[in-house]
Amino acid sequence: MYLKTEVLTAVAAWAFSAASLSLPVGCDIEGGICPRGDADLEALGRKLSSSAKVYFPGSSEFQQLTTRWSVLEEPKVNVVVVPGTENDVVQTVKFANIKDLPFLTYNGVHGALVSLGKMDHGVGISLSQLNSVKIATDGKTVTIGGGTMSKKVTDTLWDAGKQTVTGTCECVSVLGPALGGGHGWLQGHHGLVSDQFVSMNVVLANGTLKKINKNSDLFWAMKGAGHNFGIVTSLTSKIYDIEHRDWAIETISFSGDKVEAVYEAINEHLLKNGTQPADVIEWSYWMNDPTVDPNNPVIVVYLIQEGVTAIDSIYTKPFHDIGPLAIVPQAGTYKDLAAWTGIALDSAPCQNMGMANPRFPIYLETYDVPAMRKAWDIYEPAIRGTSPFSYSILMFEGYSFGGVHKITTRESAFPFRSENILAAPMINYVPVDQALEDKAVALGNELRNILHEASGRDDIRAYVNYAYGNETNHQLYGDNAKRLAALKKKYDPTGKFSFYAPIA
């Protein structure tokens with residue numbers, strides 16, 4: 001409480017000294033917080049670049065930067081620094097350490113973990129100005145600013161005839177998911193987003209800026225558990241020539257009585273015991289879609305294929321034969337995939353709608369059809385009609401995992417390379433009381449446990465970027481947890497990075 005009060009009463013001197021240095025400062029003296037009188041803040045103001053920005057509660061900029069896509073256990077900060085340079089990040093971390101204040105990096109729409117709620121005061125660091133994309137002259141790598149969104153990287157590379165693995169959602173940064181491994185449309189060819197890492201500049205817990213590559217033990221940890229070790233201010237990543245500009249999709253919707261037939265078809269004709277072709281992707285959502293059925297939830301299957309203008313009938317016919325409610329074919333380019341699957345910049349998941357969005361992820365090797373039926377029979381009535389969970393989605397992401405399987409677990413901290421499916425109930429709701437929150441958590445856990453019990457695994461294997469936030473180290477990091485704990489003691493002994501899926 002003392003530290004909170006100290007921050008709330010000490011920042012105005014920074015505001016005034018910064019103003020004299022032409023540092024943009026957002027502060028509403030009438031309704032906001034503009035505390036006064038702190039030599040350390042004044043010193044920080046002098047060290048920040050002219051392009052840095054500082055915002056306080058009460059300013060519209062502060063509100064915009066701290067409003068999250070999910071209101072589940074939101075972190076709270078007393079000031080937001082928007083660095084204009086990598087050194088601004090260094091100086092801000094050093095300041096937070098001098099004041100013994102926690103700090104948290106903001107980097108696009110990413111994550112909805114309850115552990116974030118443990119941040120109840122301190123310094124926010126928004127990387128939104130570190131958003132550069134520079135392709136190397138040899139055309140083999142790209143250097144990306146730490147706050148760059150996936151869409152900007154995709155569009156810039158595409159215009160140059162290049163591409164790389166990024167996350168699928170356009171409003172998510174490259175680094176957010178990449179530090180937890182990062183799944184993407186091209187992973188069947190090249191592996192995860194983190195498998196593309198060549199080098200990075202990272203600000204460590206003590207405020208030092210370090211360039212690391214494969215010769216550093218920290219580099220291994222950053223590829224799968226990087227949220228625990230530093231703030232990445234820039235990343236150099238592998239890129240590739242575009243092989244196919246054509247992409248196609250069929251969106252096929254089914255009623256709930258077709259659960260068994262749909263997932264038997266996926267197992268047999270697509271998944272094929274983990275040998276799904278690199279150019280084919282299968283996703284499915286369980287959701288309400290009133291354009292297909294105004295009264296009942298439906299199963300929406302996305303069949304995606306690279307290098308074609310229409311999905312090959314060898315993949316579509318088994319699903320057409322089941323008797324779908326609707327079939328919507330579309331053709332375009334790689335840049336259309338996000339819009340087709342409802343995760344583009346203007347899609348609902350990229351809007352701040354005031355909803356809690358907890359997820360309960362689990363990796364699977366195959367679809368256990370009886371378990372899918374059991375899960376549907378619980379999920380379908382829970383989201384039907386006027387349910388407070390009616391905007392929920394149960395996601396099954398069936399990327400091609402060929403490129404992921406080819407890379408050994410020894411090469412990065414990402415622990416789960418033998419799986420073929422990423423499943424996650426995402427229970428969306430407007431929080432009104434603790435009882436509703438408890439009900440949401442119970443539903444998410446019940447669905448995940450059904451899938452886990454059918455998997456035959458001893459423990460849940462959870463994707464850190466979709467984590468709820470109460471998973472164990474082993475559930476998030478597998479057999480790498482012990483080595484990661486040792487590196488945590490080496491690089492972050494006081495636990496500065498302890499709000500996003502922390503390694504205990």
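In β11, the residue that bridges to F197 is S237. That bridge belongs to an antiparallel pairing between β9 and strand β11 (residues 231-238), which runs over six bridges. Keep in mind that this is a predicted model.

**Around β9**

- Strand β9 covers residues 197-203, and six of its seven residues are buried, so the rest of the structure largely encloses β9.
- On the β10 side, V203 has L209 as its bridge partner.
- β9 and β10 form a hairpin with five residues between the strands, and G207 there takes a positive phi near 90°.
- As a reminder when you look at side chains here, those of a regular strand alternate between the two faces of the sheet.

**The annotated domain**

- The UniProt record, an unreviewed entry, puts the feature "domain: FAD-binding PCMH-type" at residues 72-242.
- In the model, that span is 23% helix and 26% strand, and its end C-alpha atoms sit 39 Å apart.

**Nonpolar cores**

- The largest nonpolar core takes in 140 residues. F229, Y263, W286 and F319 are the ones with the most contacts inside that core.
- Take F319 as a way in: setting aside neighbours within four places in sequence, F319 touches I252, F254, V262, A265, I266, L270, L303 and P324.
- There's also a second, separate core, with 23 residues, among them V79, L130, A205 and I231.

**Salt bridges**

- The count for the model comes to 16 salt bridges. The general idea is simple: side chains of opposite charge can pair when their charged atoms come close.
- K490 and D217 join through their side chains in one of these, at 2.8 Å from N to O. The pair links distant parts of the chain, with K490 in helix α17 (residues 481-491) and D217 in helix α9 (residues 217-225), 273 residues apart.
- E260 and R373 make another salt bridge, with their closest N and O atoms 2.9 Å apart. E260 belongs to helix α10 (residues 259-271) and R373 to helix α13, so this bridge ties together parts that are 113 residues apart in sequence.
- E260 is itself partly exposed, at 27% relative accessibility.
- D321 and K317 also meet in a salt bridge, at 2.8 Å from N to O. D321 has a relative accessible area of 53% and so counts as exposed.
- If you like networks, look at K151, D155, E170 and K335, which are linked by salt bridges.

**E380 in helix α13**

- E380 sits in helix α13, which spans residues 369-383.
- Is E380 buried or exposed? The cut-off for buried is under 20% relative accessible area, and E380 comes in at 12%, so this residue counts as buried.
- The E380 side chain makes a polar contact with the side chain of R384, at 2.4 Å.
- Leaving out neighbours within four places in sequence, E380 is in contact with N296 and P297.

- D100 isn't a glycine, yet its phi is positive, at about 55°. You'll find D100 in the loop between α5 (86-98) and β4 (103-106).
- D100 is partly exposed, with a relative accessible area of 49%.
- A501 is another non-glycine residue with a positive phi, near 45°. A501 lies in the segment after α17.
- Which class does A501 fall into, buried or exposed? With a relative accessible area of 3%, A501 is buried.

Note on methods:
Residues numbered from 1 in each chain as written. Predicted model: local features only at pLDDT ≥ 70, side-chain atom pairs only at ≥ 80, totals over all residues. Heavy atoms only, no water. Core = buried A, V, L, I, M, F, W, Y, C linked by side-chain atoms within 4.5 Å. Buried < 20%, exposed > 50% of the residue type's maximum accessible area, 1.4 Å probe, protein only. Contact = heavy atoms within 4.5 Å. Helix = DSSP H or I, 4+ residues; strand = E, 2+ residues; numbered from the N terminus. Polar contact = N/O pair within 3.5 Å; in protein donor to acceptor, adjacent residues only side chain to side chain. Pairing = 2+ DSSP bridges. UniProt positions renumbered as here; feature names shortened; annotations may be inferred. Salt bridge = Lys/Arg side-chain N within 4 Å of Asp/Glu carboxyl O.
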